[in-house]
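Let's take a friendly walk through a protein model, one piece at a time. Have a look at the sequence and the 3D view first.

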Amino acid sequence: MWKNCQILFLLCLFTLPALAMRDASVNISWIEIKVADSIAGDSVSFRMRRVDNGSFVMGATPEQRSDDDAIDHPSHYVSMSAYYIGETEVTQQLWRAVMHYLPSPEGVANLNAPVSWITWKDAVLFTERLSEITGYSFHLPTEAQWEYAARGGQKAQEVRFAGSNRAEDVGWVYSNSGNRAHEIKGKKANVLGLYDMTGNVSEWCSDWIGPYRLGEQPDPTGPETDSVGLPVGLNDYWSVEKVARGGSWDNSADNIHLSSRGHHPLEYAANDCGLRLAMTDPFSVQEDNTLPKVKNFKVGKKKLKFRLVEAEKPFYIAEDALTNAEWVAVLGKYNSENIEANKAAVTGVSRSRQEVFCEKVSRQNSYSDFLAGGSVMILSVASDEDMRIAEHAGVSLHIPKSVPKTDRQGSAYSRERRQAKNISVLAELVGVRVQVPEDKVLETLIEDKRNTTPLYLVLK
């Protein structure tokens, strides 16, 4: 327990030096923030819960039992970065503390009930002002962030609503609400500890409403153009309305399952629509995309040093040519034409064997060894162009002292073809014609071309 406290203290001390300026309590899975309420003369606290990065199937998954013509089709894979989301909907009390007014035409009904009667632009303005006050980066959740959190993030369960297969267990809906919104936390939370993601009031999202697209997408933010290719806001409801998720107290359970997609015009304001906060992860470390000058990569029983080639498309090249010793360590046997000393360079190796070698070497190394500058690199044998670029960039390649002699024709088929030609000359002298298989030989030379110079590995 004490060790965990020490880790948390160091995390706060070094990762968030500005945290001391903020009125907040921090836990690994949540952040509790306080905002001064000048009207009431005290403060309002609210909690943001962490949603870890992961991936999920968004939309009409089987347990949602969506109609075939519903706009939550097609279901599709989405990958998500970590973020924080409000434990509850924004309350009237928090809204008043930040905005210094209450939007409800009925006046103060219940300060612990979710705020409503706000347009989408009102909601965005609230997040901007709250960000200025606290120093955290608040925003409306994207539709994908909303659904990922409602399903439970990495802890997702196959349930139809946010924490249960029965809407009334987790939310205020038409059947149990008495035609009004209720105080927050009146029903069971979902697996992430989030309340009222089913029912109570629907919640504005940042996205324009639009049709889903197939294929895995990272952190989607909705369409930029409408269904006919015009900029958003210029055509039908696919582009002029914003997403609102979760349903409200006046919706039946059949219409507000987790994948249901509500949408309203920007100026829509009513007593059934409010908001839930999302927040950029303040603990995330900015990824360093600087390419290191050198990478060490395991090849057989030794590590080869790869030098950065600073070109238009940077890559790494091994400064030493492959030797017989590395070849045997990886593949377990010498090439039939390559039986000289271990320190000699590997030559006479077909392209297909080079690919097998690179594949086996790749499996020897971990995934992190292939990462550089935020990208995943692939191991292969350097081409003549790669070596020319490396030389032009000033990278010194170590050429072995001796290179074993090889058949520069490079292929067993080429030797057979040459032998067939010699035989054909002799055969014609005695009146016998011999057919030389030109097409197959040419094809084989292309597919199985063998190297006659030292091999250098590249990561690119």
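Which residue in the turn of the hairpin formed by strand 14 and strand 15 has a positive phi? It is Gly300, with a phi of about 70°, and the hairpin has 2 residues between its strands.

Before we go on, some ground rules. This is a predicted model, in which local features need pLDDT of at least 70 and side-chain atom pairs count only at pLDDT 80 or more, while totals for chains, interfaces and linings use all residues. Residues are numbered from 1 along each chain as its sequence is written, and side-chain values use heavy atoms, with hydrogens and water left out. Helices (H or I, at least four residues) and strands (E, at least two) are DSSP runs, numbered from the N terminus.

**The hairpin**

Back to strand 14 (residues 294-299). It runs antiparallel to strand 15 (residues 302-309), and 6 bridges join them. Two strands count as paired if DSSP finds at least two bridges between them. Val294 has Arg307 in strand 15 as its bridge partner. In a regular strand the side chains alternate between the two faces of the sheet. Here, Lys295, Phe297 and Val299 make up the covered face of strand 14, and Val294, Asn296 and Lys298 the uncovered one.

Now for a sheet of 4 strands: it is open, the order is 11-10-8-12, and the pairing is mixed. Strand 11 (262-265) and strand 12 (273-274) sit at the edges with a single partner strand each, so one side of each has no neighbour in the sheet. Strand 12 pairs with strand 8 (residues 202-208) in the parallel sense, over 2 bridges. Across from Gly274 in strand 12 you'll find Glu203.

Strand 8 is also the place of Ser202. Is Ser202 buried or exposed? It counts as buried, at 7% relative accessibility; buried means under 20% relative accessible area, exposed over 50%, and partly exposed in between (1.4 Å probe, protein chains only). Leaving aside neighbours within four places in sequence, Ser202 has contacts (heavy atoms within 4.5 Å) that include Arg245, His264, Asp272 and Gly274.

What about cysteines? The structure holds 0 disulfides, a disulfide being a pair of cysteine sulfur atoms within 2.5 Å. For Cys205, the nearest cysteine sulfur is that of Cys273, 9.5 Å away. Cys205 is buried at 0% relative accessibility, and Cys358 is buried at 6%.

**Salt bridges**

How many salt bridges does a search of the whole structure find? There are 20, where a salt bridge is a side-chain nitrogen of Lys or Arg within 4 Å of a carboxyl oxygen of Asp or Glu. Here are some of them:

| Glu32 | Arg47 | 2.7 Å |

Take Glu32 and Arg47, which meet in a salt bridge. Glu32 lies in strand 2 (residues 30-37) and Arg47 in strand 3 (residues 42-51), so the pair ties together parts that are 15 residues apart in sequence. Arg47 is partly exposed, at 23% relative accessibility.

Glu143 is buried, with a relative accessible area of 3%, and Arg245 is buried at 0%.

Elsewhere, salt bridges that share partners join Glu63, Glu143, Glu147, Arg151, Arg245 and Arg261 into one network.

**Helices**

Let's finish with helices. Helix 2 (residues 92-99) is mostly covered, with 8 of its 8 residues buried. Trp95 and Arg96 are among them. These buried residues pack against strand 2, strand 3 and helix 3 (120-134). Just after helix 2 comes His100, with a positive phi of about 65°.

Two packed helices are described by the angle between their axes and the distance between the axes. Helix 7 (residues 324-331) and helix 8 (residues 351-364) pack at about 70°, their axes 10 Å apart. Axes are lines fitted to C-alpha atoms, for helices over the stretch in contact, and angles run from 0 to 180 degrees between N-to-C directions. The two helices are therefore roughly perpendicular; that word covers 65 to 115 degrees, with under 35 roughly parallel, over 145 roughly antiparallel and the rest oblique. Trp327 of helix 7 and Phe357 of helix 8 are among the residues that make the contact.
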